[in-house]
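Dear colleague,

Please find below the structure I am handing over to you, together with its sequence. My findings follow directly after it.

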Amino acid sequence: MAIVDIQGIKKQYPGVGREPALDRIDLRLEPGTVLGLLGPNGAGKTTFIKILAGLLVPDAGRGTVLGYDLWRQAAEIRAHVSLVAPTADVGIDNNLTVRQNLVFWAPVYGLYGKAARQRIVELLERLGLADKADAWPMHLSAGQRQRLALARSLLAETPLLFLDEPTNKLDREGTQAVRELIAELNIERGVTIVLTTHVMEEAEELCTEIAILQHGQIRQHGPTYDVIASLGIVRPVQLILQGDPEAMSSLATRDLMGAVKLEWAQPEWAPGDKELTVWTRDTRGTTADLLAWVMRHGYRLVRIQSARVTLDDVFRQVLDAGRPN
Ligand SMILES: Nc1ncnc2c1ncn2[C@@H]1O[C@H](COP(=O)(O)OP(=O)(O)OP(=O)(O)O)[C@@H](O)[C@H]1O
Ligand SMILES: [Mg+2]
């Protein structure tokens, strides 16, 4: 069963412009997915997450989340998912200390007794809050409050977790800790995660799938690597080799996955070497094929480097295509 299976979701906030916040959104997510929702400010990411979490009713569309009907069973959905909003203070009780906040939430997420205490100690430790365990939330910095809100949601044993800009406000260390925890929840506990982020590198590192939203519509959605490869952005892979030049020249673009053009050169500084530049739509596939070819012929590989396509390139290209002229 798909964890999320929705069609034609539409949402327009009352009295705001003519453009709906979400416009005919379809989405299907299998269990174990980490979906990265990307898009510029105002694209509809938070609205979408709120609808999926049962917090906001769409104007049109249908579907299920965790098998519960989006319209008729929103309360069931809310009870079985967890969400960290960008205004991370939601859910923090200022009359309880950091640890007490987590103790309060643990049973809500199905954690009791020793298991709860252990998980709380572990999360405080891993999110760098151990020395703030007995502090009042009002005395935390913005980033520390964000960490506490995350700790609360990471207590969750829910099968579906929504993280709206989870590393926003966090310093380098906090960001790294949170990314590790997200990966762990997904890999070890099989939690399906939907996260939004403006950090492409983060999405690339964590997400098995990417959906790019713009003006309330999904412009692109698929497995992260497919999304990156699908736009056919051409990038160079460069090698410096030593070996038999005759045999080298038989290499053709068709031998290399995604290659569109080969260029041979003679580096001035090393007359015995050959420099090869392969222009490719698939740096990963081309690199793998090139390495196999080098091995097969027993060439000596002096250097290889590739300017691979990043999610950032893809993001910019998708948004440019969707911009009105
Ligand atoms: N409660 C609301 N009332 C009226 N309009 C809203 C409300 N919440 C969001 N909007 C509008 O809906 C659109 C989508 O907003 P949303 O918060 O979903 O965007 P987002 O992709 O999460 O943006 P960001 O990257 O800035 O968080 C925006 O135009 C926004 O102004
Ligand atoms: Mg948002």
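In this predicted model, the contact between helices H3 and H4 brings Val98, Arg99, Leu102 and Val103 of H3 against Ile120, Val121 and Leu124 of H4. Sorted by class, this contact comprises six nonpolar residues, one charged residue and no polar ones. Helix H3 spans residues 98-105 and helix H4 residues 113-126. Their axes lie 10 Å apart, and the two helices pack at an angle of about 135 degrees. H3 is therefore oblique to H4, since angles over 145 degrees would count as roughly antiparallel and those from 65 to 115 degrees as roughly perpendicular. The crossing of H3 past H4 is right-handed.

Four strands, in the order E12-E13-E11-E14, make up an open sheet with antiparallel pairing. Its edges are formed by strand E12 (259-265) and strand E14 (300-306), each of which pairs on one side only. From one strand to the next, the twist averages 15 degrees.

Helix H10 (residues 283-297) packs on this sheet and touches E11, E12, strand E13 (274-280) and E14. The direction of H10 makes about 10 degrees with that of E11.

As to the pairing of E11 with E14, strand E11 covers residues 235-242 and is joined to E14 in the antiparallel sense over six bridges. Within E14, arginine 300 is the bridge partner of glutamine 242.

With kind regards

Definitions and conventions
Residues numbered from 1 in each chain as written. Chains lettered and ligands numbered in written order. Predicted model: local features only at pLDDT ≥ 70, side-chain atom pairs only at ≥ 80, totals over all residues. Heavy atoms only, no water. Pairing = 2+ DSSP bridges. Axes fitted to C-alpha atoms, helices over the stretch in contact; angles between N-to-C directions. Contact = heavy atoms within 4.5 Å. Parallel < 35°, antiparallel > 145°, perpendicular 65-115°, else oblique. Left-handed = near helix turned anticlockwise from the far one by under 90°. Nonpolar A, V, L, I, M, F, W, Y, C, P; charged D, E, K, R; others polar.
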